[in-house]
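Let's take a walk through this structure together, one piece at a time.

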Amino acid sequence: MALTDDIKQSIQQGYRDVLAGKDIRARYGQRLMIAEIAKYMGDITENDGQRTSPAAACVVEAGTGTGKTLAYLIAAIPVAKALGKTLVISTATVALQDQIVLKDLPDLKKHSKMDFNWTLAKGRGRYLCMSRLEARLHDEGNTDSDTMPLFLLDGPKNEEPGTRAFFEEMLASYGSREWDGDRDHWPEQIPDDVWRQVTTDHRQCTNRHCSYFDSCAFFDARKDLDDADIVVANHDLVLADLALGGGAILPEPENALYIFDEAHHLPDKALNHFAASLPLNATRQWLKQLSQALVKMQPYLAAGTQAAKSLDRISSASREVDLVLNRVYEEAEQNTGWEFNEERRTAQWRYPEGELPEAMADLSAESRIATANMVRQLGVLADELQGAFDERKEHEIDRETAEAWYPVIGSFHARAEDQLRLWTAWCEQGNAKPASESETDSEAGEEKESRPPVQKSPPPARWAVRQRWDHAEDITLYSSPVLADNLLYSRLWSRAYGAVLTSATLTALGRFDRLNARAGLPQGSRFLVVPSSFRYGEMATVEVPAMSAMPTDDGFADELVKRLPDLWAGEKATLVLFTSRRQMQQVRDALAPDYPELIITQDDMAKGEVLRQHCSRVDEGRPSVLFGVASFAEGIDLPGKYLHHVVITRLPFSVPDDPIEASLAEWVTQRGGNPFMEITVPDASIKLVQAVGRLLRTEQDTGRVTILDRRIIARRYGQLLLDALPPFRRIIER
Ligand code: SF4
């Protein structure tokens, strides 16, 4: 749809109004970003609401201080409204989600004449299920009741005293409409094990057949989604929706214009969603629970009925699964070269190139057949129970039995499906496939020219982890795609009406290649790096002091203990970043006695509390030193006086034993590439840029970054890492 004068006018006027209303000046990068997104959306062609132009995404890297949220909202809202599409804004973190919903959208609405409404989308598990709450209350102390089966979903009961009173309070509060059933709106934190008893998932929900359907918290919230111009979600919810086919929770991709903020997280999150795992002994325990549930259910089903026959079939299918899992365990236990890490009490084994040894491949095939049979039989019983909700027909199962047992069987069915996913993934051909044989093959011919620029997919990563506890042991099998490119392409990019990806760190070593390879972006996508408004050379320095030890030397931790006090002396607020928790604690233990009330590590208390204590010390004029690892290198925002010095102890190279990264490295090597230069260094560059990005949060901030890892100047790749940092003034001791 070409941008009409009306839309252009709406965008321009909206921007002018917000600048005037908030008394802020236009930023060059922000204007560029607005223009780029508007132009991208204007280039999408359509016919009767269906996109006709090839799939394409718009990728904008915009650093801190660009004002990117305002930029994409101003550009996208008028276009989405004119098209009648829903704008789906997806973030990786709750903090950004809250900022958009509680601050950015209300601000834009207040200061511009744009007319729009919005809602926050959450998964079903964030809402109260009245059916389960009612059953929970009804059944306490009443072990023979009809809804007793629901307890089977909760596992062993280990209740806090007072939980019943708590559930009654919930009921009263929901009944009087003081509370809307949203877990996040309850005045206090609800512990996970309590909440799990009163929420549900799509497999256990009886939907329209539920007697609480008309007053259901989840479906009420779901109605708001249908009417909203803007839906704010998170990457996990978008991916979960896509895994269900798209359109189950959120608008269908064809009717959505997506904005992925913090988009650099999307490929890894996609890998998580399409990974599978199966703990062998825990699954055998679960099979015992299943058979106990079936025994309990039997008296409710008349002999000779279809449901009773299904019950028998599930019993025998689950026995077969148990037998084959036992053999898988023995095979994995005896014929795998486990090497225990005594400290972690685990051992790991990755199957090179994803290839299983013959005996394991045969057992996987048997497991898949047996598990598929169990899934099928559970599905048949779930369908029969669901059928009993239909009051227009006669049924062999009475409604009370169906209401009581459907969630239980639904839950067992869902868990069995998860197990089947692992076996299916373990039975897939392990060899690399050309993209033409992959999922994208089913796409329409016209999409071919916009396919991701990936020729071959690496085989899935397959590995096993063996864990020991004091009196037990288990082996868990894993499978994960190594790249999410084809998955994201086929499920998201090829279907979406449009998609914008933005973040402060989308390039690695100055290029978008890494993102492209991992996210499978369509070939027609456009890419922009928005110049920053920060005067980096005047605002900060990056310093590499002389050190007598390299991070790979034994004496490095001692050197840190010696050097750090000089580095934080005279500073009010310092952040010291480590790449390993063990080293962070070692250095803290050595220094804390001499510097009481100075160091706070991120493990000392919850993150919010760590930051609050740090800021309050700074407010009181006392110095404060924060010690953190990876999550502090990316996820904290300490503007102005709250952070003046970032110390990076070691370059953030990823852990070499991560099985997905190792599989990717293996694949790159096989193709004649250099995994260190193609994967490890670009990954480290992104993490380093993020860590350095903690320092300057506003145009007024100043400070310094000190890098204690001399490899940044001593190694050839070090120059690449240094050049990818913002252009701070450099002070390097030779
Ligand atoms: S409709 Fe589903 S989620 Fe809502 S109360 Fe009923 S079972 Fe629970």
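To talk about the inside and the outside, we need a rule: a residue counts as buried if 20 or more other C-beta atoms lie within 10 Å of its own, and as exposed if 12 or fewer do. Keep in mind, too, that this is a predicted model.

Start with helix α19, residues 581-591, where the buried residues are Met584, Val587 and Arg588. Looking down the axis of α19, you'd see these buried residues fall within an arc of 100°, so they line one face of the helix. Arg582 and Asp589, on the other side of α19, are exposed. And what do the buried residues of α19 pack against? Their partners are α18 (556-568), β18 (599-601) and β19 (624-628).

Now step back to the whole chain.

Next, the nonpolar cores. The largest one has 125 residues, and Ile37, Ala76 and Val500 touch the most other members. Helix α14 (residues 399-427) gives the most to this core, with 13 residues. Apart from it lies another core of 48 residues, including Leu560, Trp568, Leu626 and Leu688.

Finally, the ligand. Of the 13 residues around it, Cys129, Cys205, Cys210, Tyr212 and Cys216 come nearest. Both α5 (130-139) and α8 (217-227) supply at least two residues of this shell, which by class has 9 nonpolar, 4 polar and no charged residues.

Technical notes
Residues are numbered from 1 along each chain as its sequence is written. This is a predicted model: local features need pLDDT of at least 70, side-chain atom pairs count only at pLDDT 80 or more; totals for chains, interfaces and linings use all residues. Helices (H or I, at least four residues) and strands (E, at least two) are DSSP runs, numbered from the N terminus. The arc is that of the directions from the helix axis to the C-beta atoms. Two residues are in contact if their C-beta atoms, placed from the backbone, lie within 7 Å. A residue is near a molecule or strand if its C-beta atom, placed from the backbone, lies within 6 Å of it. Ala, Val, Leu, Ile, Met, Phe, Trp, Tyr, Cys and Pro count as nonpolar, Asp, Glu, Lys and Arg as charged, and the others, Gly among them, as polar. A nonpolar core is a set of buried Ala, Val, Leu, Ile, Met, Phe, Trp, Tyr and Cys residues joined through C-beta atoms within 7 Å.
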